[in-house]
Amino acid sequence: MKPEGEKLATVEAARDGGNLVVQAGAGTGKTTALVMIAEDRPTKSGLYVAYNKPIQLDAAEKFAHTNVSARTSHSLAHQAVGREYAHRMRGTKREPSWELAKRLGLRWCNITRDVSVAPHHQARIAGDTLARFYQSDADEIEARHVPFQNGIQGAQHNVLVNAILPIARRWWVDVQDKGGTMPFTHDAYFKMWALTRPTLPYEVIYLDEAQDSNPALAKVISDQAAQLIIVGDSCQQMYAWRGAIDALNNFKDAKQLYLQQSWRFGQAIADEANKWLRQLPTPMELIGHPGMDSKVEPVEAPDAILARTNGGAMSHVLAELDAGRRVALVGGGDALARLARAAADLRAGKKTSHPELFAFKDWEEVKRYANEDPSGKDLLPLVNLVENHGTERILEATNALVSNEDKADVVISTVHKSKGRQWPTVKVAGDFFAPRQEGDELPTISNAEAMVGYVAVTRAKMVLDRSAVAWIDDLVDLPEEEGPAQDGELIEMEPEAG
């Protein structure tokens, strides 16, 4: 394949051996660009760091004829540290949180007179804290690693932090002991490896999907003496809420190039994507595939429906099932079924142990939190779903799902789970958070919401139904003199504050 202008520019930019950041828009073929760079310098030893095994296997095939080795970060960590703990991985069994609470000697923790955290919830939160620490670039477990819990906020969260930190730290001491007995995960030996400040014996290191980097891995990569080629799309950062960072902004001295020519869809869908990009601090503006006649119009029977929230996804599951279609839900319906059962318990005046709802004493309290507290807006689609359809109907629907997507008439997904995927026709759901007019000020949306919208509209190849988010038209106000970065243009961007 003859390299087009943008990809050829990345190849040329990499030749001087300096660090390179490639901002690759949706469908622009970033992996192809990396392979071209490797082919251009066949004697340079390279390492492509993949997020998971499927990506690693795919990359290994693409880089097979080059001098680049495709590895997962966990395989690197296992080779150096993990195999010394193999017996702990083999001996690990799933243990319920109440059993762990007994082993840790936990008792009830009183947050306020009205809110108490049971021992098994403390054990679960301590495990979640440890998981966040494993992914972070911190040397020790800190207060920031204790996750917020629905219904426990402000000073109440501080009380919870003071209770959880000693538990998580005791757990971490056990994890590092080869004779320890607490649950041990792959991320545990990965963190131990990262803390050794490893040196990777490669001349060039490629980090893909860098906009949602594991901070611990990003630090390992940034500390290397090799040439670093960091690739991703800052506008598709989806997992900052769980601790991921945008490593693309970590390399201040690197040259920065943009891939803006998408090969996934035509100009009509590219234009729609650009409306969301204009809400973000980026000069990127996608250009559609010149050979694809994509359309933006209503679709009666789309291949996929993408929702902002789990509750929104479930609303469409119910509607599609009622229409007689076979429905597949990306990720399955187990998580929603557990939420529905938890809601049923709260509606019946019982407490629930569900991680997202355990702090509430009844369903009315959940409704107030979802409707009145900004922190609870993600629960609002679930609340409306339960109020409108009832928990039994939701449970019936989860049982009716098709497990094989190939046998479904329609695939329904949250936008987060749709990342990296594409369908011929896509409909965007109506549970996105449209901005409200505040006085005379123009309505705006947060960067996080703009990123979710951008990912949603760029999953379609031929037809996009964006009727439910047509309100984005009211926010588009781009001066005519501003336009896309030119092919191969080097652009300096200030990282977003915070």
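Me: What is the volume of the largest cavity?

Reply: In this predicted model, the largest cavity has a volume of about 40 Å³, and the structure holds one cavity of 30 Å³ or more.

Me: Which residues line the largest cavity?

Reply: The lining of the largest cavity is made of Ile37, Ala38, Arg41, Lys44, Ser45, Gly46, Val68, Val204 and Tyr206, and these divide into five nonpolar, two polar and two charged residues. Helix α2 (30-40) and strand β6 (204-207) each supply at least two residues of that lining.

Me: Tell me about α2, then: how many of its residues are buried?

Reply: Eight of the eleven residues of α2 are buried, so α2 is largely enclosed by the rest of the structure. The buried ones are Lys30, Thr31, Ala33, Leu34, Val35, Met36, Ile37 and Ala38, and among them Ile37 and Ala38 also belong to the lining of the largest cavity.

Me: Why does Lys44 count as partly exposed?

Reply: Lys44 counts as partly exposed because its relative accessibility is 33%, a value between the 20% below which a residue is buried and the 50% above which it is exposed. Glu203 falls in that range as well, because its relative accessibility is 39%.

Me: How many salt bridges does the structure hold?

Reply: The structure holds 28 salt bridges, including one between Arg88 and Asp174, whose closest N and O atoms are 3.1 Å apart. That pair also links distant parts of the chain, since Arg88 lies in helix α5 (residues 86-91) and Asp174 in helix α8 (residues 155-176), 86 residues apart.

Me: Are Arg88 and Asp174 buried or exposed?

Reply: Both Arg88 and Asp174 are buried.

Me: What about Arg264, where is it and what is the nearest side chain of opposite charge?

Reply: Arg264 sits in the loop between β8 (255-259) and α11 (267-277). Arg264 is buried yet has no salt bridge, and the nearest side chain of opposite charge, that of Glu209, is 8.2 Å away.

Me: Which side chain does Arg264 make a polar contact with?

Reply: The side chain of Arg264 makes a polar contact with the side chain of Gln422, at 2.9 Å, and a polar atom of the Arg264 side chain also lies 2.9 Å from the backbone oxygen of Thr458.

Me: Back to open spaces: what is the volume of the second largest pocket, and how many residues line it?

Reply: The second largest pocket has a volume of about 570 Å³ and is lined by 23 residues, of which Lys377, Leu380, Phe433, Ala434 and Arg436 lie nearest its centre. Its lining divides into nine nonpolar, eight polar and six charged residues.

Me: Where does the largest share of that lining come from?

Reply: The largest share, six residues, comes from α15, while α12 (310-322), α14 (363-372) and α15 (380-389) each supply at least two residues.

Note on methods
Residues numbered from 1 in each chain as written. Predicted model: local features only at pLDDT ≥ 70, side-chain atom pairs only at ≥ 80, totals over all residues. Heavy atoms only, no water. 1 Å grid on protein atoms, 1.4 Å probe; cavity = no way out; pocket = protein on both sides within 12 Å on 5 of 7 lines; lining within 4 Å. Points joined across faces, edges and corners; volume = space filled by probe spheres on them. Helix = DSSP H or I, 4+ residues; strand = E, 2+ residues; numbered from the N terminus. Nonpolar A, V, L, I, M, F, W, Y, C, P; charged D, E, K, R; others polar. Buried < 20%, exposed > 50% of the residue type's maximum accessible area, 1.4 Å probe, protein only. Lys, Arg positive; Asp, Glu negative; His and termini not counted. Salt bridge = Lys/Arg side-chain N within 4 Å of Asp/Glu carboxyl O. Polar contact = N/O pair within 3.5 Å; in protein donor to acceptor, adjacent residues only side chain to side chain.
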